[in-house]
Amino acid sequence: MTRRNKFLASIVFATLISGTMAPVAFAADAAAKPDAVAYREAIMNTLDVQVAALGQILSGATPDDQVVSHLEAIAETASQALKSFEAKVEGGEALPVVWQKWDDFSARMKDFQVKTRTAADTAKAQGKDAALANILDALRCKDCHDIYRKKQ
Amino acid sequence: MNRLVKFGMALAILVAPAVAQADDQDIMNYRKQVMTTLGQQAAAMNMTLQGKAPAEQFVSHVKTMHLAITQAKKAFEPKVVGDGSIGSAKAEVWANWADFSKRIDEQVVKLAALEKAAVEGGAAKAGPMIQASLDCQSCHKMYRVPKN
């Protein structure tokens, strides 16, 4: 891949996955937010950068020797996400529908947790190629954001 | 805004200035992604200790920090000095690579021990170790461009 295409590919990957282009928010502006909002955003922002790293690897921009570690970090962080929304505190980029449709929201979060865990375990047991074959199905960040997160 | 329009605009803004150095930019992005993971998870971990977030998540945050620091050495190996902006990586990272990489190794060992204590005894056991386990500040002081 040419450098340009490589770069484009990683941006496209990031956009497809999370619908995000904005740089990650820093702790400073989290300080003014309610704790529950700052907390869940710290978790989402962790997902963002670990998925971005994976995206750079998939596009060939970054060597692929740490794929297993990134998949493990994504799975571990995904396991933090549901708890971080249990406190019903509106604000941040979360739409009130998170708590109005809690059954659906939490089912999606559990599904996300299970699939990312499967990807990480598959990578460890069978190697990274086996895990990456289905990775887009595990990273349906945007499906959830389209319903539960304010439009960017 | 229409999603395609938004996407196209974002591409134009992002791509135009960066293309010439896509590779260096990739390298800088990657190590920042790893460091940001540490920063976000450290903040989350602290919140669990301060009663601002569910206490039972403490262990998972420590685990994630440990994972992230294991990603750091590879991320800093390519010698691409930061752009000189506040907080960016100084040339000393590579000039003093033996020291820098030793610090990463030590941070890996400390976070592995912290994770072990957290898994065994939660915040009660790992909490008192935290201060001595985090070398973030001392490394940043030496190797990041200061605020002036």
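Predicted model: local features only at pLDDT ≥ 70, side-chain atom pairs only at ≥ 80, totals over all residues.
Helix α6 of chain A covers residues 102–126, and helix α9 of chain A covers residues 141–148. Their axes come within 11 Å and cross at roughly 160°. Because an angle over 145 degrees counts as roughly antiparallel, α6(A) is roughly antiparallel to α9(A). The crossing of these two helices, α6(A) and α9(A), is left-handed. On the α6(A) side the contact is made by D104(A), F105(A) and R108(A), and on the α9(A) side by D143(A), C144(A), I147(A) and Y148(A). Sorted by class, the contact of α6(A) with α9(A) has four nonpolar and three charged residues, and no polar ones.

**The pair in chain B.** In chain B, helix α6 spans residues 97–126 and helix α8 spans residues 136–143. The axes of these helices come within 11 Å, with a crossing of roughly 165°. α6(B) and α8(B) are therefore roughly antiparallel to each other, and their crossing is left-handed. From α6(B), the residues D99(B), F100(B), R103(B) and Q107(B) meet C136(B), S138(B), C139(B), M142(B) and Y143(B) of α8(B). Five residues of the contact of α6(B) with α8(B) are nonpolar, two are polar and two are charged.

The table lists the axis values for each pair.

| Helix pair | Axes come within | Crossing angle |
|---|---|---|
| α6(A) and α9(A) | 11 Å | roughly 160° |
| α6(B) and α8(B) | 11 Å | roughly 165° |

Definitions and conventions. Residues numbered from 1 in each chain as written. Chains lettered and ligands numbered in written order. Heavy atoms only, no water. Axes fitted to C-alpha atoms, helices over the stretch in contact; angles between N-to-C directions. Helix = DSSP H or I, 4+ residues; strand = E, 2+ residues; numbered from the N terminus. Parallel < 35°, antiparallel > 145°, perpendicular 65-115°, else oblique. Left-handed = near helix turned anticlockwise from the far one by under 90°. Contact = heavy atoms within 4.5 Å. Nonpolar A, V, L, I, M, F, W, Y, C, P; charged D, E, K, R; others polar.
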